[in-house]
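Subject: Structure for you to look at

Hello,

Here is the structure I said I would pass on. My notes on its cavity, its pocket and its helix packing follow below.

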Amino acid sequence: MLEVEGLTKYYSSGVIHKRYVKAVDGVSLIIKKGETLGLVGESGCGKTTVSRLILRLIKPTGGKVLFDGVDLFALKREELRKIRSRMQMIFQDPESSLNPRMKIKDSISEPLKLRKLPKKEIEQRILELMEIVELLPEHINRYPYQLSGGQNQRVILARIIAVNPDFIIADEPTSALDVSVQAQILNMMKDLQKKYDQTYLFISHDLDVVKSIADSIGVMYLGRILVYSITQSIHIHRDYYLPLQLRWGLL
Ligand SMILES: Nc1ncnc2c1ncn2[C@@H]1O[C@H](COP(=O)(O)OP(=O)(O)OP(=O)(O)O)[C@@H](O)[C@H]1O
Ligand SMILES: [Mg+2]
């Protein structure tokens with residue numbers, strides 16, 4: 001589904017002497033259809049920059065991204081818009097990606113309205129989607145501030161299912177939630193992934209969270225991927241990531 005090759009992003013810094021921040025420094029990865037790649041690493045190692053490069057939200061310094069065989073960096077704006085509708089991103093903080101002045105039903109139905117479905121059908125579909133993510137019908141007329149963090153993250157999941165994307169980038173989607181809600185949302189994402197055959201890039205700084213959801217794992221450090229392994233055998237590389245875990249204060 002996704003093939004990334006030698007992806008780089010340098011930011012220039014330094015006023016007198018030109019210097020570069022190597023935010024992403026030659027990242028290559030492959031995600032098979034229907035699978036989840038977990039990307040872990042400490043704060044500032046380049047995880048979010050990788051995801052923004054993949055979605056072409058920022059300009060790459062170098063490298064290549066193939067999505068379903070299509071070279072994203074070679075596409076014209078109109079072609080890119082079309083293919084982007086097959087990709088969705090879930091952000092760390094659910095409240096910031098929901099419009100605070102929009103009721104839940106409007107947030108969920110935004111993508112449906114773009115498809116110009118009849119009003120009745122849209123309402124029916126909103127209720128169906130809310131049921132899938134286990135939101136109650138009484139939530140339909142509420143605003144984001146009237147829901148909990150976990151409930152808002154469900155609203156975002158409902159909106160994503162409405163679009164029915166092939167590929168989802170989830171950037172720390174559960175880090176703002178408490179542990180029990182986090183587990184519920186992760187399980188829901190796993191179920192939905194199976195049901196709708198979705199492919200995930202799942203970003204987190206928490207190795208245990210990533211291990212619970214990913215088929216393979218990339219450990220990032222200073223813009224590079226240090227360890228790349230299928231999840232079941234990541235313990236083989238314990239020597240590599242042990243020092244990192246110590247640095248992150250996980251042990
Ligand atoms: N627009 C920018 N200009 C200059 N440097 C930037 C810019 N955006 C990001 N960086 C730098 O690139 C590096 C990677 O940032 P990035 O946001 O990708 O990290 P991250 O791994 O997502 O961190 P976190 O876990 O804290 O979200 C950081 O050192 C950051 O300061
Ligand atoms: Mg980030």
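The residues that line the largest cavity divide into six nonpolar, one polar and no charged (Ala, Val, Leu, Ile, Met, Phe, Trp, Tyr, Cys and Pro count as nonpolar, Asp, Glu, Lys and Arg as charged, and the others, Gly among them, as polar). They are Leu157, Ile160, Ile161, Ile168, Leu192, Gln198 and Tyr200. Helix 6 (residues 149–163) gives the largest share of this lining, three residues.

This is a predicted model, in which local features need pLDDT of at least 70 and side-chain atom pairs count only at pLDDT 80 or more, while totals for chains, interfaces and linings use all residues. Residues are numbered from 1 along each chain as its sequence is written, chains are lettered from A and ligands numbered from 1 in the order in which they are written, and side-chain values use heavy atoms, with hydrogens and water left out.

On a 1 Å grid over the protein atoms alone, a cavity is a set of points where a 1.4 Å probe fits but cannot get out, and a pocket is an open set with protein on both sides within 12 Å along at least five of seven lines; lining residues have an atom within 4 Å of a point. Grid points are joined across faces, edges and corners, and a volume is the space filled by probe spheres set on the points.

The largest pocket holds about 350 Å³. Of its 16 lining residues, Met87, Gln88, Met89, Phe91 and Arg159 lie nearest its centre. Strand 6 (87–90), helix 4 and helix 6 each supply at least two lining residues (helices, H or I of at least four residues, and strands, E of at least two, are DSSP runs numbered from the N terminus). The lining has 11 nonpolar, two polar and three charged residues.

Helix 5 (residues 119–132) packs on helix 6 at an angle of about 125°, with the axes 9 Å apart (axes are lines fitted to C-alpha atoms, for helices over the stretch in contact, and angles run from 0 to 180 degrees between N-to-C directions). The two helices are therefore oblique to each other (under 35 degrees is roughly parallel, over 145 roughly antiparallel, 65 to 115 roughly perpendicular and the rest oblique). Arg125, Leu129 and Ile132 of helix 5 meet Ala158, Ile161 and Ala162 of helix 6 (contact means heavy atoms within 4.5 Å).

Regards
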